[in-house]
Amino acid sequence: MNNFDYYNPTKVVFGKGTHEKLPKEIAQHTSGKRILLTYGGGSIKKNGVYDSVIDALQDYKIVEFGGIEPNPEYDTLMEAVELAREQSVDFVLAVGGGSVIDGTKFIVSAAKYEGEPWDVLAQKEGFSFREALPFGTVLTLPATGSEMNSGAVISRSDRKEKRTMGGAQTFPKFSFLDPTVVATLPHRQLANGITDAFMHTLEQYLTYPTDNLLQERIAEGILSTLIEIAPRVMNDPSDYKAASNLMWCATMALNGTLRAGVAYDWSTHMIGHELTALHGIDHARTLAIIAPNLYRVKFENKKDKLIQYGQRVFGLDGSCAEEAILRTKTFFESLGIETQISDYTDGAEKTPQIIEERFDERGWKGIGERGDLTPAEAKSIVEMSM
Ligand code: NZQ
Ligand code: ZN
């Protein structure tokens, strides 16, 4: 088993009808009464989540910032940074999916940062966020795990860039996970959520054996649970049993548990973020496009775990690595997710080349669990996915 540090300070409040506990949770982190409420394009106003949160926060002065878009935009978020400073808010509450939560992680960090925040996102040497305003979340879309981790992904669509950030300061203080929010999710977002959670698990599992038997079994448990509940959630998102399992799987898939003591990959995500930046393809869909071909290109690296995955998760026999890749693709397609770039855009001829050049420029000479996936291989993977 590899050495590891394991740290997760986020408190989870799971279940329905819990918003009345919000003031008590906020009071653990500030005696102040000024709250910045961040949200997206308005789904929370249609499904009752906004009303329920506002009801619970009657004793607070609420400053609202709505309009955070899917794949949250730097320029929009900088407006919220200004607002947070102007209004001297004491606490920030993010109510939404991964984009609102990620955007909020940026807002709370940038509000405490003196220089140009893009320097941090561009990973310029010596620039980092160290402090942040305290914040909590009310999750409305199980998918990213952002509600219980410290990472965020921020876009600058004018430059066709999407960059990651993180650090101990951006763990939410608490997250409210109420599975009844799943009932109002459109099919597209349900499929995205299942796929993203599945891929977070595979990124930390389909590598090579590292003798952390427990972590492998937890990963297989999440994958098997997602396969079991996916058709039920897709058919009836108001099925509470299925929705609550989806929500807990998505959180557990990216809250630091799976990475403890094992090798992890993340190259599907690194290539996927470029497809979102260049073509606006939904995050989860980029993963479904890239992963099967990445597993083909890195087949020898991943063969042992592919066989274990095929046997334990899909119940296959013998040397089933190829079949396990096919089953993965078929699973995504069963959710209505298309797995070729041409299903989403016609203008991608130059994309493989651009991605190779970007990885080269960033010095990403070798990524993945063995640090040996080259920019040229990233280009081949994207070519195979056209
Ligand atoms: O904006 P509103 O109106 O709220 O609508 C949203 C949005 O249009 C809607 N929605 C959310 N909850 C809903 C709902 N509609 C009806 N009922 C509800 N209960 O869903 C749409 C998509 O929301 P978004 O937050 O963009 O989706 P998701 O949670 O999949 O987040 C994707 C973003 O997270 C990043 C992705 O790159 C992408 O930018 N990720 C963040 C990660 C992290 N922080 O750890 C890891 C992931 O790998 C991922 O990269
Ligand atoms: Zn993801």
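1. In this predicted model, helix H11 (residues 283-297) packs with helix H13 (residues 321-334) at an angle of about 175°, and their axes are 10 Å apart. The pair is therefore roughly antiparallel, since angles over 145 degrees count as such.

2. The residues that meet across this helix pair are as follows. H11 contributes Ala 288, Pro 292, Tyr 295 and Arg 296, and H13 contributes Ile 325, Leu 326, Lys 329 and Phe 332. Sorted by class, the contact of H11 with H13 has 6 nonpolar and 2 charged residues, with no polar ones.

3. On the domain level, the protein chain is divided into domain 1, covering 11-180, and domain 2, covering 187-384. Their C-alpha centres lie 26 Å apart.

4. How many residues of each domain are in contact with the other? Domain 1 has 25 residues in contact with 22 residues of domain 2. About 2100 Å² is the area buried between domain 1 and domain 2, and carbon and sulfur atoms give 63% of that area. On the domain 1 side, Pro 142, Lys 160 and Lys 162 supply 27% of the area that this domain buries against domain 2, which is more than any other three residues supply.

5. The count of salt bridges between domain 1 and domain 2 is 1. Arg 362 forms a salt bridge with Glu 161, and the closest N and O atoms of that pair are 4.0 Å apart.

6. Most residues other than glycine have a negative phi. Asn 71, in the loop between strand S3 (61-65) and helix H4 (74-86), has a phi near 55°, a positive value in a residue other than glycine.

7. Where does Asp 211 lie? Asp 211 is in the loop between helix H7 (187-203) and helix H8 (213-235). Phi of Asp 211 is near 70°, again a positive value in a residue other than glycine.

Definitions and conventions
Residues numbered from 1 in each chain as written. Chains lettered and ligands numbered in written order. Predicted model: local features only at pLDDT ≥ 70, side-chain atom pairs only at ≥ 80, totals over all residues. Heavy atoms only, no water. Axes fitted to C-alpha atoms, helices over the stretch in contact; angles between N-to-C directions. Helix = DSSP H or I, 4+ residues; strand = E, 2+ residues; numbered from the N terminus. Parallel < 35°, antiparallel > 145°, perpendicular 65-115°, else oblique. Contact = heavy atoms within 4.5 Å. Nonpolar A, V, L, I, M, F, W, Y, C, P; charged D, E, K, R; others polar. Domains from an automatic or database assignment. Buried area = accessible area lost by both parts, 1.4 Å probe. Salt bridge = Lys/Arg side-chain N within 4 Å of Asp/Glu carboxyl O.
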